[in-house]
Amino acid sequence: MPLQQHWGTMGLFRSFVFLLMLYLLQGSNTSLVRLNNNGYEGIIIAIDPAVPENEMLIEKIQNMVIDASTYLFEATEKRFFFKNVSILIPENWKNINQYKRPKHESYTHADVRVAPPALPGRYEPYTKQFTACEEKGEYIHLTPDFVLGNKQNEFGPSGRLLVHEWAHLRWGVFDEYNDDEPFYRAKSRKIEATRCSTGITGLNRVYVCEGGSCVSDRECRIDSKTNLYQKNCQFFPDKYQTEKTSIMFMQGIDSVTKFCNEKNHNREAPSLQNKMCDYRSTWEVISNSEDFKNTTAMSAPPPPPVFSLLKISERIVCLVLDKSGSMATSNRLNRMNQAAQHFLLQTVENGSWVGMVHFDSSASIRSNLIQIISSNERRKLLESLPTVASGGTSICSGIESGFQAIRNAYFQLDGSEIVLLTDGEDNTVKSCTEKVKQSGAIIHFIALGPNAALEVKEMSTATGGKYVYASDEGQNNGLIDAFAALASGNIDASQQSIQLESKGLKLNSNDWMNGTVIIDSTVGKDTFFLITWSQQLPSISLFDPNGMSMENFTVDSTSKMAYLNIPGATKVGVWTYNIQAKTSSETLTITVNSRAANSFVPPITVNAKVNKDTNSYPSPLIVYAEILQGYLPILGANVTAFIESKFGETEVLELLDNGAGADSFKNDGVYSRYFTTYKENGAYNLKVRAHGGENAVTRSLRHPLNTAAYIPGWVVDGNIEGNPPRPENDEDTQTNVESFTRTATGDAFVVSNVPQSPSLLDLFPPSQITDLEATSHENEINLTWTAPGDDFDVGKVQQYIIRISESILDLRDNFDDALQVNTTALLPKEANSKETFTFKPGNISEENETHIFIAIQSVDKSNLTSKVSNIVQVALFVQEDYTPDEIHPDPSPDKNPPKSGLSVSALVLLVVGSVVIVSLILSITICILNKRRKPSRPRTGF
């Protein structure tokens, strides 16, 4: 089926304490939110350009935030509220006087995205969250239908739900329900709904909808394989309750106003909160946050939120380019010009205003702002690129001239962008740092070479700009990648330039650089091939999927580059290139970019990042690459990260989406890996390459992780008042994706305290096992998990320590004291292999226990131990116990002894049959006794 047709139908690592001193590092989350006197400032709620214009949406957003602020204040014991919020309005909506131009606010930095659903009918709110417990999420996704109030019955009031999602986003807590494991068998031997707290009451029922009508036709039945309710059973909460917890279970219940705390937290439930946060309650996690530690409760009610309505307008960019004397070395000036030409010819969008400034010890405006309407304006800007490098370095002069170029066009600085490229140090940068921060402009910083002034990084961070590093190793293509990463974040993805290939080699005379690049059907519009060289024009051959040679390259001998622009549709398939060096010590590169083929079909995109933008050796970093089509994750791709140090040494990492090691969730489209092989202090560049082979890559249609709890209906006076059925969530629902290639450049990061000589100490323990699973069969327990490595997720561990306990908390807090399982026969495999182990539990009394809890610790060759794994529980000696359909708060096993799980009719037959049998036995016994003439009273169980 054609893609378009189908689319229409569809912990951070916790370091070893004895070796590392832990300290807070600034994360790489792109949010601009600040906490000031208990109030959150700088919150951005962005309306997606694809959302049809509707002024009522703005009013509903404001009402949602006002209600959420009050609810948040109460839920956090008078500690937090929403102070000011910016609402970003799309450029294609009509202008209204009250709308202002954004400053640093952009869609890229949005905390809440109001956007169409991932698939038609998918209206569930969720938070994009793929990191460890206590770490911030990426963004909240709300659909317009939800914000407009059309889904309140299914998810509860929008203000309350926003607080639920804010807890995900800001404090890194997780849900206390589980769509994959909605029920569990408690130690009381009863089947309970996965929830927190257990004080939430309701009914378990099978609710069937056919032909537009729904009916609760029967009670839930037990699956003989799982000893839990069958898949079609649902928990329906009582409409009217008194329980106040928990917001992370079902904030839509009127009485719920608090987070679960240490006293009422349900540690037995198989919730994501328990798995990800070591069985701590949500309130324990929130109380451990920096927000909480840096505030005290307020004595008076908070003021209402203040709103700013900001409308995206045309892009304003000024290139501020260093032409100081140091730019004459290492081919820097020419490489800068090649990269700038690629930006001007391909990356920057039509309708943008672009100017140019050169600077050395002083600065000059070389081109006032020109609006790009066609290729004519692009070519005119190319004439302003610098040709000679000389003089000193005055970064502040360059930035100020950039500001002046913008003012000359009668534009305000708010929301304008400065692309600053420099290779030199400048001890006067701090003299203008504060002024730049307050200007309202966004500073993108491209640092070239090992001596670029890192003080500028403070400007880019404070203003919401990008920070990218490029070394002097031209074959790594860092400068072109850096400029290519500066596509606008405020336009629809269909208009953005997408990088398909970025590759380079150092070659001798007559050597070849050969390869292929895939043009898939989601791209192919305005495709741009760029070839660069450092010495002499190479032989260039490019063939389309039909084998036809492309001959119309434009050659720029001065800049040592050749390019081919295909403005219309490009043939879908595999394109082949063969480039031959004509001289020794040649450096060749190829870069391929394209745009979406169809505005109605989202292109496949790749985003790359690390979890911290500053780090200190030997603390590890986590590298992430997210592959999406629209909001749908792409699974099964081959993803490789290239991490380049300031002197050009490159480390290669294979990123995995296996839910193990650094990867928090399996099959969520986020590929991850630990990075520890630091070469030197200073800046590092990150580039990711993704490749999807035909019939090997799929598009996941599952509901996103961390979706808000869908309320199937309410119990009122013992009857179920059902909501419309939720769109089905089949975990196997995936569709094939055609072959594709993508590259992406993430923000640079800075590492300090790397020793000059490699350490002889083993500083890196095995990574924590996070995907331990357990099943029981008869008297055996089978465990499966993904193998960690000697150093986090690399190599092979020396041994595993498996321990069991009858208490979750004892196993978590006193792992070394728990009962150890004999693992002599367990030989560890290489990292990221699948491990299995079967054992028979001992010293567990059937009379006393129905559950045991199991965890694993890994030990490497230096005797460094990992963090204790996630804890799993196994039900033992399970009987078919009767489980009441009505769930009461905290049922006591002593007051409610287990009963048979039989129906009433079966129970009556059993009793009658028992009476008949007992009567028969009694009659025979009396007869015998009478014959013996020894009368006595028989004993019975009744």
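Me: Which residues of helix α2 are buried, to begin with?
Reply: In α2 they are L57, I58, I61, M64, V65, A68, S69, Y71, L72, F73 and A75. Buried means under 20% relative accessible area, exposed over 50% and partly exposed in between, with a 1.4 Å probe and protein chains only. Please keep in mind that this is a predicted model, where local features need pLDDT of at least 70 and side-chain atom pairs count only at pLDDT 80 or more, while totals for chains, interfaces and linings use all residues. Residues are numbered from 1 along each chain as its sequence is written, and side-chain values use heavy atoms, with hydrogens and water left out.

Me: What makes residues 55-75 a helix, and what is the reach of α2 from its first C-alpha to its last?
Reply: Helices are DSSP runs of H or I with at least four residues, strands are runs of E with at least two, and both are numbered from the N terminus. Helix α2 has 21 residues. The expected span is 1.5 Å times one less than the number of residues; α2 reaches 30 Å, close to the 30 Å expected.

Me: Why is the pair E41 and K83 called a salt bridge?
Reply: The N to O distance between their side chains is 3.4 Å. A salt bridge is a side-chain nitrogen of Lys or Arg within 4 Å of a carboxyl oxygen of Asp or Glu, so this pair qualifies. E41 sits in strand β2 (residues 39-41) and K83 in the loop between β4 and β5, 42 residues apart. E41 counts as buried at 12% relative accessibility, whereas K83, at 24%, counts as partly exposed. R34 joins E41 and K83 in a network of salt bridges, and the structure holds 32 salt bridges.

Me: Why are R595 and D526 described as buried?
Reply: R595 has a relative accessible area of 10% and D526 one of 18%, so both belong to the buried class. Their side chains also meet in a salt bridge at 2.5 Å, N to O.

Me: What makes R803 a residue without a salt bridge?
Reply: R803, in strand β44 (residues 799-805), is buried, and its nearest side chain of opposite charge, D816, is 4.5 Å away. Lys and Arg count as positive and Asp and Glu as negative; His and the chain ends are not counted. The side chain of R803 does reach the backbone oxygen of D816, at 3.5 Å.

Me: Why is A581 buried, and which residues is it in contact with?
Reply: A581 has a relative accessible area of 0%, so it counts as buried. A581 lies in the loop between β27 and β28. Leaving aside neighbours within four places in sequence, its contacts (heavy atoms within 4.5 Å) include L507, S509, P538 and L588. The C-alpha atoms of A581 and S509 are separated by 5.3 Å, though the two are 72 residues apart along the chain.

Me: Why is Q230 neither buried nor exposed?
Reply: Q230 has 29% relative accessibility, so it counts as partly exposed. Q230 lies in the loop between β12 and β13, and touches R218, R221, I222 and D223, not counting residues up to four places away in sequence.

How values were computed
A polar contact is a pair of N or O atoms within 3.5 Å; within protein, one must be able to donate a hydrogen and the other to accept it, and residues adjacent in sequence count only if both atoms are side-chain atoms.
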